[in-house]
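Open the model in your viewer and keep the selection panel at hand.

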Amino acid sequence: MDTDSIYGTNPGSAVHAESPAAGEAAEYSALAPGAMDIENDIHMTDERGRTNADDEDDEEDEDDEDLVEDDLTILTRAWINERGAPDILEYEGAAIENLMELVDFQMQRIPTQPALVANILKMDVDRVKYLVRSYLRTRLSKIEQHARHYTIDPVYRARMSQAELDYANGFVDLGDKHIQRSFLDQLPPHLRDVNDSGIKGLGMVTKPNLDAAVFCRVRSNVGEFQFEASEDPIVMKRNNLFITRYSIIRNLLEDGKVELL
């Protein structure tokens with residue numbers, strides 16, 4: 001123990017002030033090695049305790065990922081992922097349906113509650129409504145940008161709700177009619193195909209940029225992961241942050257291993 005920090009004087013004066021009698025000093029010297037061993041054992045035990053505690057914390061972190069999440073948490077994560085991803089993701093229909101049922105239930109309760117409680121309930125309801133609206137508007141914005149591609153690709157068709165699919169088909173039909181009346185009717189027949197894939201990547205159908213840069217956070221331990229073919233694998237641990245191309249971590253996002261920021 002640091003005697004300077006205790007007594008605020010030089011070591012000589014501190015020892016002198018607390019020095020034992022000669023016989024007691026000899027006894028202390030004889031016991032000193034054993035005392036040091038005990039201190040070392042305590043230190044090692046403390047280190048093992050800390051290590052075990054860290055291991056338990058890691059296990060608890062892993063267990064937290066296995067807990068069932070509520071619908072609000074699921075939709076919030078889906079909303080953030082949707083805003084960060086360049087393409088349209090899986091539709092969280094179950095979470096939206098459950099939340100809207102809860103909103104209807106709370107709206108029926110509000111008139112029967114005191115003013116303070118009613119204001120709090122209405123605030124929570126408004127927050128949920130904003131989340132749902134922003135989530136759906138983000139998806140509709142993506143659909144309008146690449147409606148034709150999403151309606152042609154069966155993978156993306158399966159990701160959309162029936163209402164979104166109907167909206168995308170209607171959006172494509174309106175666009176086709178507009179450009180047909182505007183100028184396509186004036187072109188030769190072989191130049192009127194709006195679904196032409198073209199050559200050298202210059203097709204008529206626009207696609208989302210899957211190589212766009214994204215920020216992501218690891219939700220559960222992935223282990224070694226190959227980001228680039230020319231680089232060494234990187235160990236992805238929980239809560240690690242990365243910036244990379246979306247196409248590289250796309251499958252991890254679909255599996256719930258990572259989330260976008």
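Helices here are DSSP runs of H or I with at least four residues, and strands are runs of E with at least two, both numbered from the N terminus. This is a predicted model, in which local features need pLDDT of at least 70, side-chain atom pairs count only at pLDDT 80 or more, and totals for chains, interfaces and linings use all residues. Residues are numbered from 1 along each chain as its sequence is written, and side-chain values use heavy atoms, with hydrogens and water left out.

Start with everything shown. The protein has 10 helices and five strands. Of its 261 residues, 26% are buried (under 20% relative accessible area with a 1.4 Å probe, protein chains only; exposed is over 50%, partly exposed in between).

Next, select residues 162-182, which form helix 9. Colour Glu164, Leu165, Ala168, Val172 and Asp176, the buried residues of helix 9. They lie on the same side of helix 9, because they cover an arc of only 110° around the axis, taken from the directions from the helix axis to the C-beta atoms. On the other side of helix 9, Gln162, Ala163, Leu174, Lys177 and Arg181 are exposed.

Finish at residues 246-254, helix 10, where Tyr246, Ile248, Ile249, Arg250, Leu252 and Leu253 are buried. Just after helix 10, select Gly256, which takes a positive phi of about 80°.

Conventions
The expected span of a helix is 1.5 Å times one less than its number of residues.
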